[in-house]
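Dear colleague,

Please read them with the structure open beside you.

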Amino acid sequence: MYLKTLHLRNFRNYPDQQVEFSAAKTILVGNNAQGKSNLLEAVELMSSLRSHRTSRDRDLILDGEAIAQISGHLQKDMGEVDLSMTLRQNGRRSVGLNGLNLRRQLDFLGTLNMVQFSSLDLDLVRGGPEQRRHWLDALLVQLEPIYASVLQQYNQILRQRNALLKSIQKSDLNRQNLFNSQALEIESQSLNPSELSLWDAQLAIAGSRVIRRRARVLQRLIPFAQSWHQTISGSTEALEIRYAPNVELIDDNPEALQKAFLEKIQQRAIVERHQGTTIVGPHRDEVEFTINNTPARQYGSQGQQRTLVLALKLAELKLIEDVIGEPPLLLLDDVLAELDLSRQNQLLDAIQDRFQTLITTTHLGSFDAQWINASQILEVKAGQLVEQEIF
Ligand SMILES: Nc1ncnc2c1ncn2[C@@H]1O[C@H](COP(=O)(O)OP(=O)(O)OP(=O)(O)O)[C@@H](O)[C@H]1O
């Protein structure tokens with residue numbers, strides 16, 4: 001797929017900017033804080049309806065303005081698509097495809113596919129488990145947009161169950177502190193033990209859906225990541241990736257998984273009641289990376305961790321291309337300078353001209369001359385783009 005144009009109105013520091021992408025690679029060059037990442041963020045929003053930098057739409061709207069608009073024209077194998085998105089201060093959004101406003105935002109997902117690689121991704125290995133879960137979930141949403149609602153449902157149930165556990169914890173504490181029999185009576189009336197078991201059942205059903213999908217996507221991603229990792233490391237390192245769900249998945253059987261889920265909830269009931277929060281479920285899942293039998297998170301060198309993240313990103317590109325049937329966009333936000341020359345070349349060789357790539361950088365100096373000649377160069381200055389001629 002190919003993003004031909006992008007139009008930003010009152011988005012971040014862009015009052016009104018039309019961009020025509022005229023080459024397979026576009027390099028956005030400019031000093032810090034000029035708007036390079038903002039432009040990639042607009043593409044990210046069109047792809048996933050989310051920004052990894054903020055969850056508040058008002059941050060995305062140019063200071064002092066009421067609404068922001070992003071629109072784009074995408075060329076896909078099956079035809080051309082116009083995407084549009086309006087963001088408002090109050091958080092209400094409208095999205096449209098080919099001029100039609102969509103009632104469900106979910107129907108917008110899966111239109112523009114992309115892989116994002118920023119310097120933040122270098123923390124994917126070293127950072128906490130939440131980052132790896134988030135990475136996996138974002139990939140899943142691209143491959144099966146319905147997963148966005150599966151995950152949303154799980155998180156909603158989790159929040160409600162947590163609120164109930166909190167109130168149980170509070171009343172347990174009050175009970176310990178109160179000797180007033182009347183107060184005790186009031187407390188016990190307000191608690192309904194069967195309410196918790198209703199939430200347990202819902203959590204197990206929704207949580208099992210999340211776990212099974214995460215397991216499936218990793219199963220498909222792992223061979224690609226291993227193969228890339230072998231190439232980049234020159235066959236000196238063997239990568240193992242293991243999904244470690246909080247509730248163990250024996251085989252891909254939903255009933256067995258729900259049963260195991262409920263059993264684990266029973267086992268941890270006292271701890272949960274004491275802590276006032278849900279400790280069983282996919283919000284506690286982990287993805288473990290091991291290089292030559294050593295956990296990459298604690299013991300991997302910086303170079304090894306970079307190789308691993310690069311292999312994961314290349315695997316994402318391949319998996320999305322396989323599932324969707326056409327190459328996704330690649331957004332490289334300030335990351336090339338973080339990779340050494342050999343890893344840079346591995347990445348650039350893998351992309352070739354097959355993937356439309358948007359790259360941000362503060363200096364063109366770190367790029368291969370041949371690469372620069374084949375790229376469209378846009379200079380970014382205080383929310384304005386100027387096309388640069390390269391001779
Ligand atoms: N809602 C907004 N309204 C106006 N300006 C904004 C808004 N949000 C961000 N900005 C401005 O956008 C600029 C940051 O742009 P961006 O994050 O794209 O930087 P960048 O060019 O990628 O630089 P770096 O190399 O530092 O990442 C800052 O000047 C910031 O003040």
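Which residue of β11 does Ile291 stand opposite? Before the answer, please keep in mind that this is a predicted model.

The residue is Thr294, and the pairing belongs to strand β10 (residues 286–291), which runs antiparallel to strand β11 (residues 294–295) and is joined to it by two bridges. In the hairpin that these strands form, two residues lie between them, and one of these, Asn292, takes a positive phi near 45 degrees. β10 also pairs with strand β9 (residues 239–244), in the antiparallel sense and over six bridges, and there Ile291 is the bridge partner of Leu239.

In a regular strand the side chains alternate between the two faces of the sheet.

Strand β3 (residues 25–29) has five of its five residues buried. Both of its faces are covered, with Lys25, Ile27 and Val29 on one side and Thr26 and Leu28 on the other. As for its partners, β3 pairs in the parallel sense with strand β13 (residues 357–361) over five bridges, where Ile27 has Ile359 as its bridge partner. β3 likewise pairs in the parallel sense with strand β14 (residues 376–381), here over four bridges, and Leu28 stands opposite Leu378 in that strand.

With best regards

How values were computed
Residues numbered from 1 in each chain as written. Predicted model: local features only at pLDDT ≥ 70, side-chain atom pairs only at ≥ 80, totals over all residues. Buried ≥ 20, exposed ≤ 12 C-beta atoms within 10 Å, placed from the backbone. Pairing = 2+ DSSP bridges.
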